[in-house]
Structures are given as C-alpha cells and as structure tokens.
Amino acid sequence: MLLAPCTWFAFLPLVLGYSFARSSRNRAHRLFPRHGHRAVDDRHVTRVQKVRAWTAAAMSLMLLGVYGKPEDVAEAQEQYMMRLAVTPPLLLLSAPVVIAVLFRWASAERRSAMRASVRAALRSAGWYVGAVTALPLLGGAIILLDRNRSPSAGASEAAPWLILATALPLVWLLFFIGFATGPAIRTGFNTAAVHAALPALLTGTLVWEFAVISLVAGGLPPGPPVIQALAVLGGPASVTAVVWWEIRRLRTLYGVTLRA
C-alpha cells in the first residue's frame, strides 16, 4: 500500500502517453487511410513498383560501394533525411498544380465529381498544415512561459500549470504528425480520390523535383561522368516509365481517361 502511490506516479506518464498516442493515431488514420493511396488496386503495377524500388536501392548501394568515399556515405544519409523533411511541403506545393492540369483536361461532368474530393483533400491537408504550424508555436510558448516565470507566489504557482496545459497538446500533435506523415505522403493528402491517375502523375512530378533538389544540394554522385549521368537520370527516367505504363493500364483496362 505504501508503494502504490510511487508506482502510480511512475506509470502515469505511460498511461497518458498511450492515451495520447491512441487518440492521435485514430485521428490520423481517419484523415489519411493507410490503404487509400490507390483508387485502382493493380497487383502487376504494385509488383513492378517494388522491383524498381529495390533495384534502385541496390544500384545506389553498389555505386557507393564501388566509387564512394566515407564523406559520400554521410552525404547520402543527409540527402535521405532531407528528402523525408522536404517531401510533405513539396507534395503540398505540387499537388495543386497537377490537380489544376487535370481539371483543365477533364470534362465538365468529371470536374463536378472531382470538386467534392478536392474539398475533402483540402480539409485533410489543412489538418496536417495546421498541426505542423502549431508545433513550433506551442514549443515557443513553453519556452517563453518558462523564461518569464516571476518569483512572486501567484506567478510561480500558475506558470507550471500553464506550461503543462501547453505541453499536453504539443505531445498530442507530435504523435499526430508521426502517425499522419507516412499515410499522408502515400495518399498524396487524399488526392487519390480526386482522380485514379493522380497518384501516378504526382509520383512522376515529384521524382524529377527530387532529382533537381538532390543535384543542387549534393552535387553529382561519385564515379566517372557516364556513371554520374546514369545515376542522375536513371532513377527519374525509370520512375517515369513505370508511371507511363501504369497510366496506360488505367486507360486500357479500367477506362480511366485524362482528357475530355
């Protein structure tokens, strides 16, 4: 009985963390379904995409193993982390452009059907952008509250509760962003419901944008000039070929049209 309060205080953060994680996970998966990244489930396309991804990873490792130096390995790790950080904002900037092009191509009937899905995608994207924006604001508020604590009795008693009240939503948002980022990127912020070909078009657009960003940020990969050119252009070109093949299958097998 004497040890019960001690164990309760020890397990209280775990209980609160679990409840926050469960709540944020449910909200994230409600906004971004984990299996909502494809309007048409084509197993042949999925199999080819996995083969291309594993082949690209193996070629990158082989290139680093043959021509790379220790600093090249560190640079590759930095570029990988940079892509993880850049992907959500780049997707938020690229998706409206691709959707606008699809709206320009589509017929009047198709546009009216696409508008409802676009509004739903905007709401889910607004949730994500709001969470990412609120995160540094809450962190800055906690820092200011901690610095401005006065030695007077009233301020010293109120400040810890204010800090706790600000930290709880901060923890919830951290869990939410952690659970929502992966599904949001895979679903393109739920833009797959707008048009069946939109995930493929977004993938083809993003891969060339990443190629330019990697070239500007990290320069050319190691190796002879021919190997460097193949390494820079091979990945985006192979992804574009798979995207073109996927769209062709959508048109011929599933009746998906891009133009009116």
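Colleague: Which residues make the nonpolar surface patch of about 410 Å²?

Modeller: Met 59, Met 62, Val 66 and Tyr 67 make this patch. The model is predicted, so local features need pLDDT of at least 70 and side-chain atom pairs count only at pLDDT 80 or more, while totals for chains, interfaces and linings use all residues. Residues are numbered from 1 along each chain as its sequence is written, and side-chain values use heavy atoms, with hydrogens and water left out.

Colleague: What makes a group of residues a patch?

Modeller: Patches are made of residues with over 30% relative accessible area and no salt bridge; like charges are joined within 9 Å, and nonpolar side chains (Val, Leu, Ile, Met, Phe, Trp, Tyr) within 5 Å. A salt bridge is a side-chain nitrogen of Lys or Arg within 4 Å of a carboxyl oxygen of Asp or Glu. Accessible areas come from the Shrake-Rupley method with a 1.4 Å probe, and for residues only the protein chains shown count as cover.

Colleague: Why is Met 59 called partly exposed?

Modeller: Buried means under 20% relative accessible area, exposed over 50%, and partly exposed in between (1.4 Å probe, protein chains only). Met 59, in helix H2 (residues 43-67), has a relative accessible area of 47% and is therefore partly exposed.

Colleague: Which residues gather in a patch of positive charge on the surface?

Modeller: Arg 22, Arg 25, Arg 34 and Arg 186 do. Lys and Arg count as positive and Asp and Glu as negative, whereas His and the chain ends are not counted. The place of a charge is taken as NZ of Lys, CZ of Arg, CG of Asp or CD of Glu. Arg 186 lies in helix H5 (residues 153-187) and, with a relative accessible area of 44%, is partly exposed.

Colleague: Why does Ala 193 count as exposed?

Modeller: Ala 193 counts as exposed because its relative accessibility is 57%. This residue is found in the loop between H5 and helix H6 (198-218). Its C-alpha atom is separated by 9.5 Å from that of Ala 116, 77 residues apart along the chain.

Colleague: Where is Phe 175 found, and why is Phe 175 called partly exposed?

Modeller: Phe 175 is found in helix H5, and its relative accessible area of 28% makes this residue partly exposed.

Colleague: How many helices and strands has the protein chain?

Modeller: The chain has 7 helices and 0 strands; helices (H or I, at least four residues) and strands (E, at least two) are DSSP runs, numbered from the N terminus. Of its 260 residues, 30% count as buried.

Colleague: Which element has the lowest mean pLDDT, and which the highest?

Modeller: Helix H1 (residues 4-31) has the lowest, 75, and helix H7 (residues 225-254) the highest, 89. pLDDT is the predictor's confidence in each residue, from 0 to 100. The chain averages 81, and 89% of the residues score at least 70.
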